[in-house]
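Subject: Structure for you to look at

Hello,

Here is the structure I said I would pass on. Please open it beside this email and follow along.

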Amino acid sequence: MIIKQDIQAAFFDVDGTLLSFEKHIVPNSTQDSLAELHRKGIKIIIATGRSAMNLNEISMLPYDGIIGLNGTTCVLRDGTTVSHHAIPHEVFIRFIELAKRYDVAVSVEGNAGVFVNQVTARVEEMSRMIAQPLPQIRDLTQIFIPGETSQLCLFADNQTEIEIISQLPLLSSSRWCDVFADINVAGVDKGTGLCEMVNFYGLNPSFTVAFGDGGNDIPMLRRAGIGVAMGNACENVKDHADFITGTVDDDGIKYALQYLGII
């Protein structure tokens with residue numbers, strides 16, 4: 001049984017977990033809770049579909065490292081690389097060909113930002129959801145960096161996503177909302193990122209706690225010693241959690257950490 005003094009690291013998703021989709025801020029209770037984790041010497045790791053350079057809204061938090069782009073880029077806060085899993089260039093070219101065939105918007109995401117091949121209603125909805133500017137339209141073949149780019153996004157419905165990904169066995173897809181799917185190297189996710197970070201720090205994955213709300217958080221919740229689903233999570237995510245807490249705006253992170261005896 002895990003007790004409070006055993007917890008060595010805490011992992012947190014960003015959108016829908018640390019940041020509210022309604023207010024787009026980190027609640028004061030969450031800031032105070034992470035400050036307490038930091039005082040206790042517990043490693044704080046951000047685990048997100050965003051890049052490590054796109055975390056301005058949580059810059060006040062005392063985190064130690066980042067599992068970025070759904071586990072494909074793990075770095076320390078100072079930028080030191082822990083692991084990186086790039087998408088092969090030839091696979092990317094095939095992905096772009098399929099996107100054109102299905103006439104869907106796609107994006108390339110990295111430290112330079114997010115760029116799309118076209119702006120559609122789904123792209124606009126994504127920007128509204130996370131309170132970010134619309135991505136710039138670019139020729140994505142000029143944006144993709146071989147050996148570096150590790151995440152693409154597909155702005156399509158579930159059926160189109162399945163049809164496209166079925167033709168790309170080296171890639172996998174995951175969602176944290178209905179608007180788009182994140183596309184990464186197959187076999188890499190937030191769960192593998194958790195393992196890479198605890199290995200780097202020499203910790204025990206059984207003595208970790210992870211918080212999330214989206215489908216892309218499920219691998220992380222399952223790998224952590226304690227997986228916590230936010231109250232605003234979908235039912236599938238809750239089904240894979242050890243504990244269900246309140247929503248972001250209802251002080252869900254503080255409640256869980258206190259209930260579990262971690263702070």
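The notes below cover a helix, the salt bridges and a sheet.

This is a predicted model, in which local features need pLDDT of at least 70, side-chain atom pairs count only at pLDDT 80 or more, and totals for chains, interfaces and linings use all residues. Residues are numbered from 1 along each chain as its sequence is written, and side-chain values use heavy atoms, with hydrogens and water left out.

Helix H2

Helices (H or I, at least four residues) and strands (E, at least two) are DSSP runs, numbered from the N terminus. Helix H2 has 14 residues, 89–102, and at 1.5 Å a residue it should span 20 Å; the expected span is 1.5 Å times one less than the number of residues. The end C-alpha atoms of H2 are 20 Å apart, which agrees.

Which residues of H2 are buried? They are Val91, Phe92, Phe95, Ile96, Leu98 and Ala99. These residues cover an arc of only 165° around the axis, so they lie on the same side of H2; the arc is that of the directions from the helix axis to the C-beta atoms. Buried means under 20% relative accessible area, exposed over 50%, and partly exposed in between (1.4 Å probe, protein chains only). On the face of H2 turned away from the buried side are the exposed residues Glu90, Lys100 and Arg101.

The buried residues of H2 pack against several elements, including strand E6 (105–110), helix H5 (158–165) and strand E11 (181–185). Contact here means heavy atoms within 4.5 Å. After H2 comes aspartate 103, whose phi is positive, near 55°.

Salt bridges

Side chains of opposite charge can pair when their charged atoms come close. A salt bridge is a side-chain nitrogen of Lys or Arg within 4 Å of a carboxyl oxygen of Asp or Glu. By this rule there are 9 salt bridges.

One of them is in H2, where arginine 94 and glutamate 97 lie 3 residues apart, about one turn of the helix. Their side chains meet at 3.7 Å, N to O. Arginine 94 is partly exposed at 28% relative accessibility, and glutamate 97 is partly exposed at 40%.

Another salt bridge joins glutamate 161 to arginine 175, with the closest N and O atoms 2.5 Å apart. This pair links distant parts of the chain, 14 residues apart: glutamate 161 is in helix H5 and arginine 175 is in the loop between E10 and E11. Glutamate 161 is buried, because its relative accessible area is 8%, and arginine 175 counts as buried at 13%. Salt bridges that share partners also join Asp13, Lys190 and Asp217 into one network.

Arginine 50 and glutamate 57 form a salt bridge too, at 2.9 Å from N to O. Is arginine 50 buried or exposed? Arginine 50 counts as buried, at 4% relative accessibility, whereas glutamate 57 is partly exposed at 23%.

The sheet

An open sheet of 8 strands runs in the order E5-E4-E3-E2-E1-E12-E13-E14, with mixed pairing. Its edge strands, E5 (81–84) and E14 (243–244), each pair on one side only. Two strands pair if DSSP finds at least two bridges between them. Strands E2 (residues 43–47) and E3 (residues 65–68) pair in the parallel sense over 3 bridges. Isoleucine 45 stands opposite glycine 65 in E3.

Regards
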